[in-house]
Amino acid sequence: MTDNRPPTAEILTNGGETHAPTSVAQQHDLLPKLIPNLDRHMTYPLLEFLSGLEGEENAEVTKAKYELLKDSNMTDYVASLWQEINDSDEVPEEFVKKREEVLERLSLFTEETSKIDELLNDESVVSNLRSDKVANLKFLEQQHGVTIQMVDMLYDFGRFQYSCASYADAAHLLDQFRILSTDNDKASSASWGKLAADILTQNWEVAMEEVNKVKESIDTKLFNNPLAQLEHRTWLIHWTLFPFFNYEPARDTITEMLFSPSFINTIQTNCPWILRYLAAAVITNRSRTRNTGAYQKQLKDLVRVVRQEGYEYNDPVTEFVKALYVDFDFEEAQKKLGEAEEVLKGDFFLSASAGLFVEAARHLISESYCKIHQRIDIKDLSARLGLNQDEGEKWIVNLIRDTRMDGKLDYKEGTVLMNHPANSVYQQVIERTKGSFFRTSVLSAAVAK
């Protein structure tokens with residue numbers, strides 16, 4: 001119990017390798033921006049990831065870990081950090097005393113919550129509970145002597161277990177508390193606590209259910225408080241980065257959520273650095289969804305937001321998007337891709353996706369280049385992709401096959417001839433006017449008001 005510690009960086013990055021930080025990666029380090037929006041237990045694996053990077057001052061990271069966790073109930077682990085910082089084999093008396101207090105409180109909490117815990121694990125009792133919390137409390141009070149104080153004890157015990165890094169136990173207790181509590185503020189706090197606990201136990205499927213519950217709570221219960229909504233959405237965006245890049249089934253769901261009007265406005269207003277993660281997600285999603293209308297819309301929205309927020313935030317990842325889709329500068333795109341790879345390798349959430357990002361980005365460069373050129377020099381395109389000529393030939397052949405472009409490879413000339421059939425005038429008119437009826441209807445309705 002007292003020797004627990006938060007999950008390691010290796011666990012929460014799917015075993016992603018750490019790399020020596022480069023000047024580019026250090027210049028665009030987002031840790032100072034992420035930490036204020038994360039729970040301290042979630043911050044720990046980010047610090048450990050930092051300590052695993054070669055050349056990093058481990059002593060400074062150890063001090064940061066100590067400051068982060070010194071007020072928690074992980075007394076044995078905090079004591080070991082203190083010993084490491086002070087190069088001592090002795091454990092100060094204050095840690096010994098706090099350890100005894102934690103164990104004493106654990107015993108007291110366990111005893112005081114044992115009755116209600118047994119009741120909520122009794123199928124015959126649970127089957128009589130309804131969606132009306134007031135009625136449930138009345139039933140439990142009349143039939144089993146349960147009081148409001150006993151219910152609140154579940155909340156206090158859940159927070160205690162979370163502070164001890166017993167995340168599974170904390171999630172269980174906080175969930176039980178939510179079933180019965182009529183205190184909306186505490187129930188909301190319990191939802192955030194359970195989400196954090198599920199993230200730290202890598203229970204991704206349940207964590208995604210909690211993300212939806214928290215999102216719904218923000219949208220409904222904070223409807224009349226826009227500032228609180230903005231703050232809570234900012235927190236949720238940062239917390240969802242954990243399942244975003246660790247749980248494949250969550251990728252599409254979270255991407256859609258972040259592109260929704262309320263969340264994209266939150267990103268633009270309060271945390272534009274999240275555009276790095278949104279851009280990385282959209283680009284790496286290319287191989288799975290590139291032919292769908294949803295992906296094309298997401299890519300278009302990403303380009304729009306990156307262009308709008310360029311004055312507020314930029315890094316090699318967003319600059320790659322801008323160079324490729326706004327400026328159509330392929331040399332700059334290739335340069336920024338190299339820098340983006342370095343940045344991703346030094347990013348806790350994206351380190352495991354760096355290779356996939358580079359591969360997908362090369363495909364996007366090739367597709368864009370082929371769309372605007374009729375005759376393509378293989379040697380030139382290979383150089384833009386950072387490949388030699390033989391690798392470039394194989395790359396282009398695979399690209400034409402995978403994307404079904406109308407192109408012909410001329411090995412003798414070392415070129416690719418692209419056939420770009422022009423749209424008919426009628427098709428161009430249809431494309432340009434297909435949304436005009438809807439826009440006119442919306443405008444008419446607005447004027448009528």
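Is Phe 328 buried, partly exposed or exposed? With a relative accessibility of 49%, Phe 328 counts as partly exposed; buried means under 20% relative accessible area, exposed over 50%, and partly exposed in between (1.4 Å probe, protein chains only). Here are some notes to go with that.

1. First, some ground rules. This is a predicted model, in which local features need pLDDT of at least 70 and side-chain atom pairs count only at pLDDT 80 or more, while totals for chains, interfaces and linings use all residues. Residues are numbered from 1 along each chain as its sequence is written, and side-chain values use heavy atoms, with hydrogens and water left out.

2. Now the overall picture. The protein chain has 27 helices and 3 strands; these are DSSP runs numbered from the N terminus, with helices being H or I of at least four residues and strands E of at least two. Of the 449 residues in the chain, 48% are buried. The accessible surface is about 23,300 Å², and carbon and sulfur atoms hold 48% of that. Those areas come from the Shrake-Rupley method with a 1.4 Å probe, and for residues only the protein chains shown count as cover. Contact means heavy atoms within 4.5 Å. Among contacts in the chain with a separation of 6 or more, 65% are between residues 24 or more positions apart.

3. Phe 328 sits in the loop between helix 21 and helix 22, and its phi is near 55°, a positive value in a residue other than glycine. Ala 165 is not a glycine either, yet has a positive phi of about 70°. You'll find Ala 165 in the loop between helix 10 (148-163) and helix 11 (167-180). Ala 165 is buried, with a relative accessible area of 9%.

4. Helix 21 is worth a look. Of its 10 residues, 7 are buried, so the helix is mostly covered. The buried ones are Pro 316, Val 317, Thr 318, Phe 320, Val 321, Ala 323 and Leu 324. Their cover includes helix 2 (23-27), helix 18 (275-284), helix 20 (293-308), helix 22 (330-345) and helix 23 (354-372).

5. Zoom in on Thr 318, which belongs to helix 21 (residues 316-325). Thr 318 is buried at a relative accessible area of 3%. Setting aside neighbours within four places in sequence, Thr 318 is in contact with Leu 275, Arg 276, Val 306 and Tyr 313. Thr 318 and Ala 279 are 39 residues apart in sequence, but their C-alpha atoms are 6.8 Å apart in space.

6. Arg 276 turns up again in the salt bridges. A salt bridge here is a side-chain nitrogen of Lys or Arg within 4 Å of a carboxyl oxygen of Asp or Glu, and the count comes to 18. Arg 276 meets Asp 315 in one of them, at 2.8 Å from N to O. Arg 276 lies in helix 18 and Asp 315 in the loop between helix 20 and helix 21, so the pair ties together parts 39 residues apart in sequence. Both Arg 276 and Asp 315 are buried.

7. Arg 276 has another partner, Asp 347, also at 2.8 Å from N to O. Asp 347 is in the loop between helix 22 and helix 23, so this pair with Arg 276 of helix 18 ties together parts 71 residues apart in sequence. Arg 276 counts as buried at 1% relative accessibility, and Asp 347 counts as buried at 5%. Elsewhere, salt bridges with shared partners join Asp 175, Arg 178, Lys 194, Asp 198, Glu 210 and Lys 213 into one network.

8. Glu 210 forms a salt bridge with Lys 194, with the closest N and O atoms 3.6 Å apart. Glu 210 lies in helix 13 (residues 204-221) and Lys 194 in helix 12, so the pair ties together parts 16 residues apart in sequence. Both Glu 210 and Lys 194 are buried.

9. Asp 198 is placed in helix 12 (residues 184-200) and is buried, with a relative accessible area of 3%. Not counting residues up to four places away in sequence, Asp 198 touches Ala 171, Asn 203, Val 206, Ala 207 and Glu 210.
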